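Subject: Structure handover

Hello,

Here is the structure you asked for. Please have a look at it first, then read the notes below.

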Amino acid sequence: MNLFLTTAAAPAAGGGMSMIIMLVAMFAIFYFLIIRPENKKKKKTEEMRSALSLGDGITTIGGITGKIVQITEDTVTFETGEDRVRLQVKKWAISTTDKMEAAEAAEAAKRKR
């Protein structure tokens, strides 16, 4: 009877260890495929927003484009088109800059070669 219990318990111990290994592997996959790229993207966007300067062309999250005319600590004022309408938005509402779009296009062209 004692021999039966030890042989029956052995596969269960190995199964628990393989389950832990699978969980660690799944976490590693999620980290490298989802979490890490998202953190890189957030960091790049924050750097772009902190490097804004007067005269930069920007696009907001809503798709409005224009040139920056004033920057404060947390807001940006920009002009849209020739009618010189000025809009003020929070920095977090800025999606891209013309410089950023040009750099991404050049990088994509380089990868395509």
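Strands S2 and S3 form a hairpin, with 3 residues between them. Please keep in mind that this is a predicted model.

**The strands around S3**

S2 covers residues 65-71 and runs antiparallel to S3, with 4 bridges joining the two.

**Glutamate 79 and arginine 86**

Glutamate 79 is found in S3 and stands opposite arginine 86 in S4. The side chains of these two residues are joined by a polar contact of 3.1 Å. They also meet in a salt bridge, at 3.1 Å from N to O. Glutamate 79 has 14% relative accessibility, so it counts as buried; the limit for buried is under 20%. Salt bridges that share partners join Glu79, Arg84 and Arg86 into one network.

**Other salt bridges**

A search of the whole structure finds 7 salt bridges. Two more of them are described here.

The side chains of lysine 99 and aspartate 56 meet at 3.2 Å, N to O. Lysine 99 lies in helix H2 (residues 98-112), and aspartate 56 lies in the loop between H1 and strand S1 (57-60), so this pair ties together parts that are 43 residues apart in sequence. Lysine 99 is exposed, at 55% relative accessibility, whereas aspartate 56 is buried, with a relative accessible area of 8%.

Aspartate 74 and lysine 90 form a salt bridge through their side chains, also at 3.2 Å, N to O. Aspartate 74 is in the loop between S2 and S3 and lysine 90 is in strand S4, so the pair ties together parts that are 16 residues apart in sequence. Aspartate 74 counts as partly exposed at 42% relative accessibility, and lysine 90 counts as partly exposed at 39%.

**Helix H1**

H1 runs over residues 2-50, and tyrosine 31 lies in it. Which residue pairs with tyrosine 31 through its ring? The count comes to 1 aromatic pair. Tyrosine 31 forms this pair with phenylalanine 32; the arrangement is edge-to-face, with 5.1 Å from centre to centre and 80° between the planes.

Tyrosine 31 counts as partly exposed because its relative accessibility is 34%. Tyrosine 31 also belongs to a nonpolar patch on the surface, and the patch has about 1200 Å² of accessible area together. Its members are Met19, Leu23, Met26, Phe27, Ile29, Phe30, Tyr31, Phe32, Leu33, Ile34 and Ile35. Both residues of the aromatic pair, Tyr31 and Phe32, are therefore found in this patch.

Regards

Key
Residues are numbered from 1 along each chain as its sequence is written. This is a predicted model: local features need pLDDT of at least 70, side-chain atom pairs count only at pLDDT 80 or more; totals for chains, interfaces and linings use all residues. Side-chain values use heavy atoms; hydrogens and water are left out. Rings of Phe, Tyr and Trp (its six-membered ring) pair if their centres lie within 6.5 Å; planes under 30 degrees apart count as stacked, over 60 as edge-to-face and the rest as tilted. Buried means under 20% relative accessible area, exposed over 50%, partly exposed in between (1.4 Å probe, protein chains only). Two strands pair if DSSP finds at least two bridges between them. Patches are made of residues with over 30% relative accessible area and no salt bridge: like charges are joined within 9 Å, nonpolar side chains (Val, Leu, Ile, Met, Phe, Trp, Tyr) within 5 Å. Accessible areas come from the Shrake-Rupley method with a 1.4 Å probe; for residues, only the protein chains shown count as cover. A salt bridge is a side-chain nitrogen of Lys or Arg within 4 Å of a carboxyl oxygen of Asp or Glu. A polar contact is a pair of N or O atoms within 3.5 Å; within protein, one must be able to donate a hydrogen and the other to accept it, and residues adjacent in sequence count only if both atoms are side-chain atoms.
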